[in-house]
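User: I am new to this structure and should like to be taken through it in an orderly way. Please begin with any term that I shall need.

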Amino acid sequence: MNSLQLVEITKRFGRFTANNHISLTVRTGSIHGLLGENGAGKSTLMNILSGLYQPDSGQILLDGQPVTIQTPADAIRHGIGMIHQHFMLVPQLTVTENIILGCPGGLHLDVRSQAQRIAELSQTYGLDVPPLARVEDLPVGIQQRVEILKVLYRQARILILDEPTAVLTPTEIQSFLETLKQLASRNHTIIFISHKLDEVMSVCDQVTILRRGQRVASCPTAETDRTELARLMVDRDVEINIRPDPQPVGNVVLDVHDLWVTTEQQVDALRGLSLQIRAGEIVGIAGVDGNGQRQLADAVVGLIPIQKGTVTLKTEETVAKKIAYIPEDRQKQGLVLGFSIARNLILKAFSCLPFCRRWLLQGEVINRNAQQAIETFDIRTSNAQLPVRQLSGGNQQKVILARELAGEPGLIVAMQPTRGLDIGATAEVQQALLAQRARGAAILYISTELEEVMAMSDRLGVLYRGQLVDMLDAGTATLEQVGLLMAGIHPGASRGAMAEFL
Amino acid sequence: MVRWQNFYKSWVLPLRWRGALLPLVAVLSALLVGAGLMLVAGANPLTAYGALFRQALTTYFGFADTLTKTTPLLLVSLGVLVALRAGQFNLGGEGQIYMGGLGSLLLGLAWPDLPLVVHLPLALAGGFGFGAVWGAIAGYLKVARGLNEVLTTLLLNYVAQYLISYLVNGPLKAANAPSPFSELVPVSARLPAILPQTQAHAGIFLGLFLAGLLTVAFAISAWGYRVDAVGQNPVAASYAGIRVNRTILSVMALSGGLAGLAGSSEVLGLKYRLFEDFSPGYGFDAVAIALLSRGNPIAVIITAFFFGILRSGANVMQRSASVPVAIIYAIQGLTVLFVAISLAVDQKKTPQEQRSN
């Protein structure tokens, strides 16, 4: 029985066609992977299914019956529940309150009996949650269970999960994927949106690949493999997360000693962290988001005050004494979205020669600089005067790279440099950073994408609650080893290694 | 705060043709609703508007009066606009006008024997300086203490207004004055009249010059670049090494200074004295003018002139078409309302920029 069918769905935004005659069939009780680069149309398609958008043409069939889904409430009535990448929870409320929020009920609210119901529900599905705990006190993995329970409580039969593993640790991912399989065995239908090929291969029965708004393939996962899926997604041969060849390293460029940083909320974000990076070396920092990564990056580049300890920058004479910073959130921290490409490229140096002479900006120099950057970094745009707001995420990141890597910086701090980028753009960003490494820059590479940070680094530190719990040789470290460290579980065996490095 | 920021971003930034169209629609809609109000009041809107615009634009004295009203509006609006470009809402134009008037008066009275070429610029600088201090107080409270400038500028208005009231009732009151006003500023500190037998004065040229200067500064100077960067994304600006707090503080001072010049022009060009409550709400009109102009100094000239027309023609309209002046204030208020509405419509039409991927 085909539980859900999308027939020839088309959706346009202005002249841009986000979904072009996409058809999709999902069997009841199966896990269906939806793969595609950013902008391929995954989110648009799922937003149509969950009632946020109306298709321009095409049909949605549920159990063979055509349905129209005008609003998210309609979607819930038809048993379709969406779990967004960014959680839609009220942190100050309890698990129970979050789950029943918005559900119809009388004037009397019996939280206790609702909590009882939720406890039963969570046992049925093996999704353990404390019903009366406040959501903000729970780890991310549990919060995600709350999101899933929220749609199950509304009796959803079809669950749409938008990149659900992006925020989880490797251990959490494992148990999450188990949960998905269990839900499917109870005859729930799951649509799993991701661009992580491994997860799709391990958990999905069927996979559909979208590219530039069109369906390019749909096949059982048993009949395909990673390489084929990657090729189908990007339509060209790209490889990411390739381990760079070892190269000799130079002098110490960055020396961080016993660094303590306190946040505005008076929480110790970094607790006595020490770290050295040499020229021509990439030191990766792995860890679950929120363990002090942001403070480490900000403290190294001097954006926030240090409570205790030192950050010393010793650049060689041949390398300009300059720090490049690729911030975590390119739209909020890296770019002025309303400014043109050319203007964003001078954000750091607008008041210096050659861009500024006697308080006046030198338009010609600025435009020439932009042309050069557009060519060097292959920024796809019609012209340099386009506001960066109109560029794709990958091209926005290239604008930042072009600005930050100009002038051969001695130290590069890269914070989640490939976050949200598709495979093609990820490869380009990684290549640009590896070229800097070959030139002799010292690179601090902070990422929550474990596979990526392991592949890109020469040495790998694991950050847990503001401390580097271990510093590993990235060439020999294993995923399991790092995964345990990220969760704060420290195998006694590596204590020696730690002492050696710190 | 976030809402203000979004409002600012979507309204002030896009300077395209469509950007010019929307304010125009807002103004026309306001005039249309105003016409409805006139009908309710039992007057003929065509006669009333006819009288208003004919008086304000085609008669010698009416036009001069329009210029007289436009001058302070233009200056204070430029002040609000500069703050807006840096992402700051200066609702304190009114108070800064009062302080500017005070500064100009004090320097005007201080040295009665100076030649005009020295004395007038000095008196203007006094107005700018006093206004700048008033703006900088709000700027300082913002950057050092995190107080929202919307509140502080608004509240500082009262402080300034009552301070002036006290001064002209007390220490600055002219000898034997029947009502609260100060001594006359000497001729050497006065802005020259530009149209014989009218009150129109050279302050308008000051406003036009400053509007031009700001246009150029925002287009090609490093200062303009910095202000825009801070206004559009203070976080990215600070990541790029721009001293955001310093920029905000200096822009708030400049904003207050420009508004202060509006007070100077009233004291040095129109009344030659400091009066109690001498500004009829120019500082608040300025917020509407700056928003309608979407951060564009040249557009401010046109918009300030339009508001000047409304203010100058209003009385004649009342007399010849028996429409209460209050209707004009209603129209000004409606304009702001329609600006907000057109903004909401505009936002709804454009699909969300960032959908989660």
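Analyst: Two residues are in contact if their C-beta atoms, placed from the backbone, lie within 7 Å. The model discussed here is a predicted one.

User: Among contacts in chain A between residues at least 6 apart in sequence, what percentage join residues at least 24 apart?

Analyst: Chain A is built from 17 helices and 21 strands. When its contacts between residues at least 6 apart in sequence are considered, the share that joins residues at least 24 apart is 70%.

User: What radius of gyration does chain A have, beside that of a compact globule?

Analyst: The C-alpha trace of chain A spans about 70 × 55 × 50 Å along its principal axes. Buried residues account for 46% of its 502 residues. For 502 residues a compact globule would have a radius of gyration near 23 Å, and the value for chain A agrees with this, being 25 Å.

User: Over which residues of chain A does pLDDT stay under 50?

Analyst: The average pLDDT of chain A is 84, and 93% of the residues score at least 70. Where pLDDT is low, the predicted coordinates should not be read in detail. In chain A, a stretch with pLDDT under 50 has seven contacts beyond four places in sequence, and this stretch is residues 493-502.

User: Which element gives the largest share of the side of chain A that touches chain B?

Analyst: In the model, 27 residues of chain A are in contact with 19 residues of chain B. Two or more residues on the chain A side come from each of α10 (330-334) and β17 (360-361) of chain A. By class, that side has 14 nonpolar, ten polar and three charged residues. The largest share, three residues, comes from α10(A).

User: How many helices and how many strands does chain B have?

Analyst: From the N terminus on, the elements of chain B run α-α-α-α-α-α-α-α-α-α-α-α-α-α. The count for chain B is therefore 14 helices and zero strands.

User: What radius of gyration does chain B have?

Analyst: Along its principal axes, the C-alpha trace of chain B spans about 75 × 55 × 35 Å. Of its 357 residues, 52% count as buried. A compact globule of 357 residues would have a radius of gyration near 21 Å, and chain B agrees, with 21 Å.

User: How far apart are the end C-alpha atoms of helix α8 of chain B?

Analyst: Helix α8 of chain B covers residues 203-220, which is 18 residues. At 1.5 Å a residue the helix should span 26 Å, and the distance between its end C-alpha atoms agrees, at 26 Å.

User: What arc around the axis do the buried residues of α8(B) cover?

Analyst: The buried residues of α8(B) are B:Gly203, B:Ile204, B:Leu206, B:Gly207, B:Leu210, B:Ala211 and B:Leu214. They lie on the same side of α8(B), because the arc that they cover is only 150 degrees.

User: Which elements are included in what covers the buried residues of α8(B)?

Analyst: The other side of α8(B) carries the exposed residues B:Phe209 and B:Val216. The cover over the buried residues of α8(B) includes, from chain B, α4 (60-85), α11 (244-271) and α13 (297-321).

Terms used: Residues are numbered from 1 along each chain as its sequence is written. Chains are lettered from A and ligands numbered from 1 in the order in which they are written. This is a predicted model: local features need pLDDT of at least 70, side-chain atom pairs count only at pLDDT 80 or more; totals for chains, interfaces and linings use all residues. Helices (H or I, at least four residues) and strands (E, at least two) are DSSP runs, numbered from the N terminus. Ala, Val, Leu, Ile, Met, Phe, Trp, Tyr, Cys and Pro count as nonpolar, Asp, Glu, Lys and Arg as charged, and the others, Gly among them, as polar. The radius of gyration is taken over C-alpha atoms; the globule rule is 2.2 Å times the number of residues to the power 0.38. A residue is buried if 20 or more other C-beta atoms lie within 10 Å of its own, exposed if 12 or fewer, and partly exposed in between; C-beta atoms are placed from the backbone. The expected span of a helix is 1.5 Å times one less than its number of residues. The arc is that of the directions from the helix axis to the C-beta atoms. pLDDT is the predictor's confidence in each residue, from 0 to 100.
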